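Let's walk through this protein together, going from the whole chain down to a single side chain. Have a look at the sequence and the fold below before reading on.

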Amino acid sequence: MKLGLIGNPIKHSLSPWIHTRLLNQANIAGSYELYEMEPGSFKEQVSFLRKEALDGFNVTVPFKQKIMTELDDIDEQAKLLGAVNTVKNLDGKWIGYNTDGKGFLHSLRAKYPELFDKNIKALIIGAGGAAKGIYHTLKNETTSHIDIANRTSERAREMMEAGAESGNGDILTLQEAESRIASYDLIIQTTTVGMKPNLEQQIISLKNLSEDTIVSDIVYQPLMTSFLKEAQAKGARIHQGHEMLLYQAVYAFEIWTGISVEESRLLGELEEQLKGA
Ligand code: ATR
């Protein structure tokens, strides 16, 4: 099986590491190659990629939108999000999917199944590409009240209004979110704030956090962001970024192979890999 990743820069991507393990675990002989492409000659490089006849590939920054005009069909969720991170070659036709939101939700459900037994109140911080996938999947798969807080409120509004049903929640400033922090069952941090090398940065304070809240951060470098450290210090339970990273890959692998791999052992190995990075 021939798999790969397109994007730029991708030299330090963990996807080859993850997919090589998934191939091994599924007992499939195969490869996962990096195709670092220049945005200026994207079309030409896509023609080259067609000739490579990959069975499937992942798409990352800055091509998640650009790839869409090159595809033969696009799954509804990816259309709604306006971004594709996984492409399957189905008898020569390229079909686009987006596994980010689904990967996030599955990883959260695997760790905290009780969160899905009831109506919950959630806060999503951020309104970028990653937030969109998480927001729409959470909205479709749970009966939650979901507030969105973003530095630029217009982007939060666009995110809430996209899709068939409009959202059930409020648009907040970061300060408002901070002052309401004790009222949430679930808080999901989706911005790049706190990512290596800006380890001290934190999007909002969790000073008033309740210990009953589950706090998630999609940043995985570092594994323990300043945001998660504060949440833990408050006695809250946490969900780390590498959990989403692994599950979005597991879903992509499932789309390509039809095989659902048992991922709990891989999660620990990925953690070790990231600690050494
Ligand atoms: P991605 O696709 O990785 O989610 P993105 O689309 O650039 O990336 O979105 C980044 C998110 O981080 C946005 O919500 C952005 O807020 P704006 O919409 O106001 O730009 C947020 N973000 C990035 N840097 C930030 C900062 N220093 N303070 C507050 N929010 C920040």
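How far apart are the mean positions of the positive and negative charges of the protein chain? Keep in mind that this is a predicted model. In it, the chain carries 29 positive and 37 negative charges, and their mean positions are 2 Å apart.

Now step back to the overall fold. The protein chain is built from ten helices and twelve strands. Its radius of gyration is 19 Å, close to the 19 Å that the globule rule gives for 277 residues, so the chain is as compact as a globular protein of that length. If you draw a box along the principal axes, the C-alpha atoms fill roughly 55 × 40 × 35 Å. Of the 277 residues, 48% count as buried. The accessible surface comes to about 12900 Å², and carbon and sulfur atoms account for 48% of that area. Contacts also reach across the sequence: among those between residues at least 6 apart, 66% join residues at least 24 apart.

Start with α1, which covers residues 15-25. Its buried residues are Ser-15, Pro-16, Trp-17, Ile-18, His-19, Leu-22 and Leu-23. Just after α1 you will find Asn-27, which takes a positive phi of about 60 degrees.

Next, move along to α4, residues 100-111. At 1.5 Å a residue, its twelve residues should span 16 Å, and the end C-alpha atoms are 17 Å apart, which agrees. Here the buried residues are Asp-100, Gly-101, Gly-103, Phe-104, Leu-105, Ser-107 and Leu-108. An α-helix has 3.6 residues a turn, so residues three or four places apart point the same way.

Finally, zoom in on one residue of α5, Lys-132. Leaving aside residues up to four places away in sequence, Lys-132 touches Leu-81 and Met-159. Lys-132 and Met-160 are 28 residues apart in sequence, while their C-alpha atoms lie 8.7 Å apart in space.

Technical notes
Residues are numbered from 1 along each chain as its sequence is written. This is a predicted model: local features need pLDDT of at least 70, side-chain atom pairs count only at pLDDT 80 or more; totals for chains, interfaces and linings use all residues. Side-chain values use heavy atoms; hydrogens and water are left out. Helices (H or I, at least four residues) and strands (E, at least two) are DSSP runs, numbered from the N terminus. The radius of gyration is taken over C-alpha atoms; the globule rule is 2.2 Å times the number of residues to the power 0.38. Buried means under 20% relative accessible area, exposed over 50%, partly exposed in between (1.4 Å probe, protein chains only). Contact means heavy atoms within 4.5 Å. Accessible areas come from the Shrake-Rupley method with a 1.4 Å probe; for residues, only the protein chains shown count as cover. Lys and Arg count as positive and Asp and Glu as negative; His and the chain ends are not counted. The place of a charge is taken as NZ of Lys, CZ of Arg, CG of Asp or CD of Glu. The expected span of a helix is 1.5 Å times one less than its number of residues.
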